[in-house]
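Please look over the model shown here before reading on.

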Amino acid sequence: MRFRLSIVILAVLIFSACGKKDKYRDIDTGKIKPWVPKSEPLSKYGNHSPYRVHGKIYQVNSHASGYTETGQASWYGKKFHGRQTSNQEVFDMYKLTAAHKTLPLPSYVEVTNLKNDKRIVVRVNDRGPFIGDRIIDLSYAAAKALGFVNDGIADVHIRVVKSPKDLVSKPIQQGLTYLQLGAFSDKNSAYNLAKKVSQLLGIETFVTILSTQSGALHRVRIGPVQSESKVNQLINQITANGIPGAKVITE
């Protein structure tokens, strides 16, 4: 019985390993239809500028045509497969897509792996990477096509070949949008509310201090928020948890 059980367990492990390999490693990138770069309309979502991540402010590039950059690339795969990208599309790790911190969405970018001189064109529809000094985060398929899936990181050169066509007629929205949950002269009240909201909703909530003639004002905020739909979603969540009076602030 023990021998039979061992065989069954071994078979399951082998099957699982093969399934993972087939699903995640063995794709023929030569069969992936390449992009035909074109100037698409500026995405409604994901182009709010400036925006803040981990306390750092980023400004979306309104003049991206011909932009070049050299640095490190990373890649992301099935952990994010099927999730929404920053411009509200669905991330497909088997397509040649990418994330960039400041290029307008969507942009088409030629990426060259400086180690092996392989190059492809990717469509940028997401934001990131926000780790270290990496300049671009590629889909699994893009990283495999460039030959650095196993390395994880590669030195690359990127060049914008097409940027959104309506950057002039529809300039990227300026200003940061926040939800302000309250403003208090008593700092303890502000920090207690921020802690409560963070624990209830699992959302980063912070306090900013504004100096006024009457003294310091401690403002409890969430954000920046990049879309109107997200603002409405957050307001509904906050109100449902018994925290009324949230205000939309843009500055």
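This is a predicted model: local features need pLDDT of at least 70, side-chain atom pairs count only at pLDDT 80 or more; totals for chains, interfaces and linings use all residues.

Residues are numbered from 1 along each chain as its sequence is written, and side-chain values use heavy atoms, with hydrogens and water left out.

**Nonpolar cores**

- A nonpolar core is here a set of buried Ala, Val, Leu, Ile, Met, Phe, Trp, Tyr and Cys residues joined through side-chain atoms within 4.5 Å, where buried means under 20% relative accessible area, exposed over 50% and partly exposed in between, with a 1.4 Å probe and protein chains only.
- The largest such core has 32 residues, and the members that touch the most others are Val109, Val111, Val122, Ile136, Leu138, Phe148 and Val156.
- At least two residues of this core come from each of β3 (68–76), β4 (97–99), β5 (107–113), β6 (119–126), β7 (136–139), α2 (140–146) and β8 (154–162); helices (H or I, at least four residues) and strands (E, at least two) are DSSP runs numbered from the N terminus.
- The element that gives the most to this core is α2, with six residues.
- Another core lies apart from it and has 16 residues, including Ala190, Ala194, Leu201 and Ile222.

**Helix α4**

- The buried residues of α4 are Val231, Leu234 and Ile238.
- They lie on the same side of α4, because they cover an arc of only 70° around the axis, the arc being that of the directions from the helix axis to the C-beta atoms.
- On the other side of α4, Asn236 and Ala240 are exposed.
- The buried residues of α4 pack against β9 (177–184), α3 (187–201), β11 (215–222) and β12 (247–250), with contact meaning heavy atoms within 4.5 Å.
- Glycine 242, whose phi is positive, near 75°, follows α4.

**The open sheet**

- Four strands make up an open sheet in the order β10-β11-β9-β12, with antiparallel pairing; two strands pair if DSSP finds at least two bridges between them.
- Its edge strands, each pairing on one side only, are β10 (205–212) and β12.
- The antiparallel strands β10 and β11 are joined by eight bridges, and threonine 212 stands opposite glycine 215 in β11.
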